Amino acid sequence: MTASIAITAVRKSYVARGREVLALDRVDLDIAPGEFVAFVGPSGCGKSTLMNMIAGILPIEEGRILHDGRPVNGINRNVGYMTQQDAVLPWRTVEDNIALPLRFHGMAGPARRARVEEMLAAVGLTGFARSFPGELSGGMRKRVAIAQLLAYEPGTLLMDEPFGALDAQLKLLMQEQLLRIWTERRQTVVFVTHDLAEAVTLAQRVVVFSGRPGRIKQIENVQLPPTLDVFRVRFLPEFEAAYTRLWDALAPEIRSGEAA
Amino acid sequence: MSGAANEAAAIGGPTRTARVAAAEAAAGRRRIAIHLLRAVVGVLFIWLWDHASGTWIDTMLISSPSAVGLRLWRWVNDGTLVYHLSITLYATAWGFAIGCAVGFCLGLFFGRFTLIAEVFDPYITAIYSIPKIALAPLFIIWFGIGIESKVAVSAAIVFFVIFLNTYSGVREVNQIYVHTTRIMGGSETDVLRHVIVPSAASWVITGLKVSVPYALVGTVIGEFMSSNRGIGFLINQATGLFNTTSVYAGIIVLAAVGAVINTALKYFEAYVMRWQR
């Protein structure tokens, strides 16, 4: 079976203040269809850069990224994209935000309204259709973003620290919701995070990046029994083993980054 | 579930207690008090004006409220007001509309194409620094002493305000909105319509609010310079005859017109920016 995302020999550098800074150095990675992969690494390791290259926001100058067999060249409209920053448009109501990608994909009015209702129910926001994002709490806005992301059913989701700004308890609830949705629909997910526990809880595979220049240092296959209980899963021995191995790989990278 | 209660609280939901009612009543009393005090200030000013006129200051210089009121009343009844005000408003409206339309389109265009903006930047800054009023004589040569030259003066003033505000608004757009809208399948037109224009709206509206008085100023200055109709002409003619009563009456008409237009814009802003609390 061909990979959903095939990254081959990708290298990325920036020119800043008269110096060339190497952000990513020869990254190779295949992500299978329906796989949930997390990227972890110290700040500035290029994990978000790589994700933005898959999304087509940053140009690929060296190397190649194939998504569903097609090379990524310019904005990739076959993915769903969610970041830590709120990207729901503050001047549109909740329902208008969720309906926006459906309009872009040419869905007719009645079908669109039905889908918006369905998505609102799925994220527990029925009754907030006509609210503006500014009237909602941070967690509710995240749920609007998830509803919008899933409404047009992209086969691949790119998520860059989507729950980074939330408090610890809310984060667990959002993780549970995401895991439930993924278990039902089995999209390919690339999930960038700082939080090792989050990576182990959600992902089937965790990719550890080294500090700048970013290289893949280690790949951990997480094998946890299938569960939606994102809280209790932390106390399983398999979780602890995976977490420990990942921490051992990650810690020296973070330390050297702090020393530099 | 407590989550539901929190969410209700987050949007000011159905938990209306006695304290909410009390807080609203207090806010209402404050509003009434402010309106009353405003009326008092107005009455005091008119009383002071009336008292000063002829005692401390020569009536020739400051006329008097009763004389100005009578003059306004006569203008209303004999059709003078409608005759002159209509032409001033007509020129202001056209100048405002043309300046806004051209300024908005060019602002969007420059905001989207940074290279062009950088190339033109010094010239725009130079033209912006010219007091637009200095262009009025030129416009009179170009367009004659009719309404066209007044429209041109106010359009030139409004154009720059709207152009610069639209440009800044477009430059300020959060790129994350642009990226996500594109990834979700939005075309360039969709990005412009759903992201850039609404995002720049607060800047543009600020520009509109600033430029309405400017549009009026532009027209009136055009009328001062050469015309045979309009509030500016009326004031200018009265000045020539040392008729201060008419001058004050004209100024009061302009102030009232400006206030009415600004109030209308405030409601327009509240509607367009209703998502912002």
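Which residues touch the most other members of the largest nonpolar core? In this predicted model, local features require a pLDDT of at least 70 and side-chain atom pairs count only at pLDDT 80 or more, while totals for chains, interfaces and linings use all residues. Residues are numbered from 1 along each chain as its sequence is written, chains are lettered from A and ligands numbered from 1 in the order in which they are written, and side-chain values use heavy atoms, without hydrogens and water.

A nonpolar core is a set of buried Ala, Val, Leu, Ile, Met, Phe, Trp, Tyr and Cys residues joined through side-chain atoms within 4.5 Å; buried denotes under 20% relative accessible area (1.4 Å probe, protein chains only). The largest core holds 109 residues, of which A:Ile7, A:Phe39, A:Leu50, A:Ile65 and A:Ile98 touch the most other members. Its largest share, 10 residues, is supplied by helix H10 (residues 188-225) of chain B. A second, separate core of 18 residues includes B:Trp49, B:Ile62, B:Leu254 and B:Val257.

Strand E8 (residues 188-192) of chain A is largely enclosed by the rest of the structure, because 5 of its 5 residues are buried. Helices (H or I, at least four residues) and strands (E, at least two) are DSSP runs, numbered from the N terminus. On one side of E8(A), A:Thr188, A:Val190 and A:Val192 are buried, as are A:Val189 and A:Phe191 on the other.

Two strands pair if DSSP finds at least two bridges between them. E8(A) pairs in the parallel sense with strand E3 (residues 36-40) of chain A over 4 bridges, and with strand E7 (residues 156-160) of chain A, also in the parallel sense, over 5 bridges.

Conventions: Buried < 20%, exposed > 50% of the residue type's maximum accessible area, 1.4 Å probe, protein only.
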